[in-house]
Amino acid sequence: MRNKKTRALVASLIINLCVGSIYAWSVFAGPLSQTFGWSASATALTFTIANAVGPITMIIGGRLQDIYGPKWVVFAGAFLFGGGMFASGFVESVSMMYVTYGLCMGFGLGTIYTCTIANTVKLFPERKGLISGATTCVYGLATVVAAPLAQKLIVLYGVSVAFKILGVAYFAVVAICSQFLIKAEVGEPDEGAGSEDKTWKQMLAQPQFYVLLIMLMFGATSGLMIIGQASIMAQEIVKVSAATAAAGVGIIAVANALGRVVLGRISDKTGRYPALIGMFAVLAASMMALTRVGEGQWIMFLALVMAAGFCFGGFMGIFPALTAEKFGIRNNGVNYGFMFIGFAAGGYIGPKLATALKMTPLGLYSMAFLIAAVMAAAGIVVAVVLSLRER
């Protein structure tokens, strides 16, 4: 059984490395705008849609994998994710890109993600923070591989052909790896669990759920604001080249990935709320400092967005484990799908906030950074209150 669990974990890591490539959207955004004449805000909405629809299929997929196991649910998700990217290669209007990349890939992502995360946490209940951190780590690290690969394919063959090649490759890898996934035994002991198992209806009846969801939204807003606009921000704020900005996107992705493992593991040792307090504090300081960064300060800009990315990764690594602890592990597939609504909200607010404020008469990103810093400060207060209540 241990060997099967290990194979399932490795397969989950590979799958997440593929589906995490959705965060390389900024590499496609520029060439699409140049090729088809789409505006930056219209193009950015594709990434927003992909993040926003995730919770819908996470809830549905989570319920299916709780009942039937993850193998065939992920296999179905491979058709949506890989097929959506492949179909994007035939698109010539931004509205159709919303359907192929935004809706199809977003639905596929949600279906796959809930299975690889929630089911793997069930397989290793004694190390929830570490395991959820590891499985989300490669998800965040995917941009390091996907961004330069996509960039190379775009240069060689054009953006449309790049979509087609990557779509076929992602479908094949995810579909094959799905066959190594196994369903966690419901009766396995949940060492360290702090709550009885609750259904999604029981969870939604508890005020604590909404507090945690808002905390996740606060953390996701800053992270997705940076990740979704990193290349453009680097070029406009500190005036670096497109190539330098693309390299920075990869570095931010590494910080994002490391945060998921490192902070997930730390939270296993210190407790979830102390870790969250520290993360919100670093995030607030980073976003405040970004309001003062200007032309030529590339190293400072990179250090600050890496800090924000590291903390964002921590939220994604900790919240699957936190959801399982507070509401039980049995129904974690569905429950985390509902919790993920907070992430989807951040996925809408973050990029939208950045682009909207950039288009104001002042044309500044600094106001968006300031608002994100206030959200992070509010997150500190909420985490402290929750921590004190549980003592």
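The model is predicted, so local features need pLDDT of at least 70 and side-chain atom pairs count only at pLDDT 80 or more, while totals for chains, interfaces and linings use all residues. Residues are numbered from 1 along each chain as its sequence is written, and side-chain values use heavy atoms, with hydrogens and water left out. The chain has 16 helices and zero strands. Its radius of gyration is 20 Å, close to the 21 Å that the globule rule gives for 391 residues, so the chain is as compact as a globular protein of that length.

**Overall fold**

- Helices (H or I, at least four residues) and strands (E, at least two) are DSSP runs, numbered from the N terminus.
- The radius of gyration is taken over C-alpha atoms, and the globule rule is 2.2 Å times the number of residues to the power 0.38.
- Along the principal axes, the C-alpha atoms fill a box of roughly 55 × 45 × 35 Å.
- Of the contacts (heavy atoms within 4.5 Å) between residues at least 6 apart in sequence, 85% join residues at least 24 apart.

**Surface and charge**

- Buried residues make up 58% of the 391 in the chain; buried means under 20% relative accessible area, exposed over 50%, and partly exposed in between, with a 1.4 Å probe and protein chains only.
- The accessible surface (Shrake-Rupley method, 1.4 Å probe) is about 14,800 Å², and carbon and sulfur atoms account for 69% of that area.
- There are 26 positive and 14 negative side chains, with the centres of the two sets 3 Å apart.
- Lys and Arg count as positive and Asp and Glu as negative, without His and the chain ends; each charge is placed at NZ of Lys, CZ of Arg, CG of Asp or CD of Glu.

**Aromatic pairs**

- The structure holds 20 aromatic pairs, meaning rings of Phe, Tyr and Trp (its six-membered ring) with centres within 6.5 Å; planes under 30 degrees apart are stacked, over 60 edge-to-face and the rest tilted.
- One of them is the edge-to-face pair of F86 and F90, at 5.3 Å centre to centre and 65 degrees between the planes.
- F86 is partly exposed at 34% relative accessibility, and F90 is exposed at 53%.
- Y113 and F340 have ring centres 5.5 Å apart and planes at 45 degrees, so this pair is tilted.
- Y113 lies in helix α6 (residues 94–123) and F340 in the loop between α14 (332–339) and α15 (341–358), so the pair ties together parts 227 residues apart in sequence.
- Y113 is buried at 1% relative accessible area, and F340 is buried at 4%.
- Y113 and F340 belong to one aromatic cluster with F312, Y336 and F343.
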